[in-house]
Amino acid sequence: MGEVILDYKRKNNNDRLPVLTSSFQGIEYQEKHFGSQQKHDTSDYNVLPKEYMTYRNRSDNGYFRFNINNLGVTGIVSKFYPVFTTINTNKLFLASYINHNHRLKNHFKVVSVGTSQHVLSLRNFKKTNLLFPSKDEQDQIGKFFNLLNRAITLQQRKLEQLKLLEKAHQQKLFPNSFQEKPLLRILHGDNSWWNSYIGEVFTERVDKGSSEKLLSVSITDGVYPFDESKRKNNSSDDKHNYKKVFQNDIAYNSMRLWQGALGVSKYEGIVSPAYTVLKPLPNQNSIFYEFMFKNIDMLHIFQRNSQGLTSDTWNLKFNQLQHIKIKTTNLNSQNKIAKLLIKIEELKNNESNYYHNLMTLKKYLLQKLFI
């Protein structure tokens with residue numbers, strides 16, 4: 001390594017340079033990383049020019065992260081961050097190589113010294129032996145990962161914007177307790193809303209079953225087949241008291257409703273007696289109410305109405321749930337609101353899958369492109 005990197009030992013003599021830090025997320029402004037500017041004497045800090053590399057030479061677990069300063073500014077970093085550049089070597093290739101090669105990561109853990117903290121000196125780092133391809137191949141690999149990283153960053157931003165869009169629509173398509181009507185109106189709808197109780201749009205389903213498909217409920221997945229979870233089903237359980245669930249019923253975890261553990265069932269099956277099953281009355285769209293019930297304002301109402309001494313014991317059964325006031329609208333408007341929110345959710349999920357596919361591709365290529 002000492003043949004391909006060159007130390008940079010300039011110390012800080014300009015307090016106006018921004019203070020940076022190197023983390024597993026990359027080079028960041030220190031104030032952004034910690035949430036506030038750290039009050040330290042920076043007179044002995046190392047200067048980190050644009051496109052130069054650094055790493056924190058102390059680690060609690062023996063793993064280190066080597067980063068390139070891609071912020072577009074020259075800054076300063078703590079004296080615990082050695083600064084260096086490369087000699088006839090592609091920086092992005094080198095960073096990708098040493099950050100993701102398991103053999104090298106374990107090697108750095110072995111050659112670092114210390115008990116409470118592992119310290120990897122620049123001297124020991126430079127003694128590391130590597131196999132390098134030609135500079136042209138390094139440049140091609142570095143260029144490829146630069147494009148892939150840019151695609152991942154853009155996709156991540158797109159996904160974050162879609163999550164904000166979804167949250168904004170969920171809040172603005174339903175009126176809160178202080179509003180007569182929502183902030184957003186449905187085109188070609190009469191947009192009439194009125195006060196109601198949950199017990200006026202749902203009844204509790206109390207049918208029993210034992211041999212049907214076993215279902216469960218979670219915050220992230222809603223209602224899903226139990227055999228698709230990672231937990232093991234105990235087939236010897238007595239299921240005669242399990243509750244039947246039909247398509248378009250809403251099932252919820254009465255101890256986690258205030259966290260959003262509910263969903264509209266796409267299946268017919270049974271759930272544990274610990275869950276509550278809501279049967280929609282005629283002219284009601286269950287998906288519309290699922291989105292309403294997962295609205296942050298509604299979750300706060302569920303939390304206030306849950307009974308129990310601690311958050312681990314809070315419980316909201318139907319006999320309390322049915323008396324909670326809501327504002328609702330006609331079936332036509334319910335259908336339109338549900339359709340719009342489903343479209344946004346589908347778009348978000350598709351973009352989320354694409355983001356995870358890019359991350360999987362990157363992980364695979366990092367394993368295959370380096371020795």
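**Sheet architecture and helix packing**

In the predicted model, strand β5 (residues 53-55) is paired with strand β9 (residues 83-86) in the antiparallel sense, the pairing comprising two bridges. Within this pair, M53 has F84 of β9 as its bridge partner.

The pairing of β5 with β9 belongs to an open sheet of four strands, arranged in the order β1-β9-β5-β7 with antiparallel pairing. From one strand to the next, the twist averages 35 degrees.

Helix α2 (residues 91-100) packs on this sheet and touches β1, β5, β7 and β9. The direction of α2 makes an angle of about 160 degrees with that of β7.

Two packed helices are described by the angle between their axes and the distance between the axes. For α2 and helix α5 (residues 135-172), the axes come within 7 Å and cross at roughly 75 degrees. Angles of 65 to 115 degrees count as roughly perpendicular, and α2 and α5 are therefore roughly perpendicular to each other. On the α2 side, the contact is made by L92, F93 and S96. The residues contributed by α5 are Q138, I141, G142, F145, N146 and N149. By residue class, the contact of α2 with α5 contains four nonpolar and five polar residues, and no charged residues.

Conventions
Residues numbered from 1 in each chain as written. Predicted model: local features only at pLDDT ≥ 70, side-chain atom pairs only at ≥ 80, totals over all residues. Heavy atoms only, no water. Pairing = 2+ DSSP bridges. Axes fitted to C-alpha atoms, helices over the stretch in contact; angles between N-to-C directions. Contact = heavy atoms within 4.5 Å. Parallel < 35°, antiparallel > 145°, perpendicular 65-115°, else oblique. Nonpolar A, V, L, I, M, F, W, Y, C, P; charged D, E, K, R; others polar.
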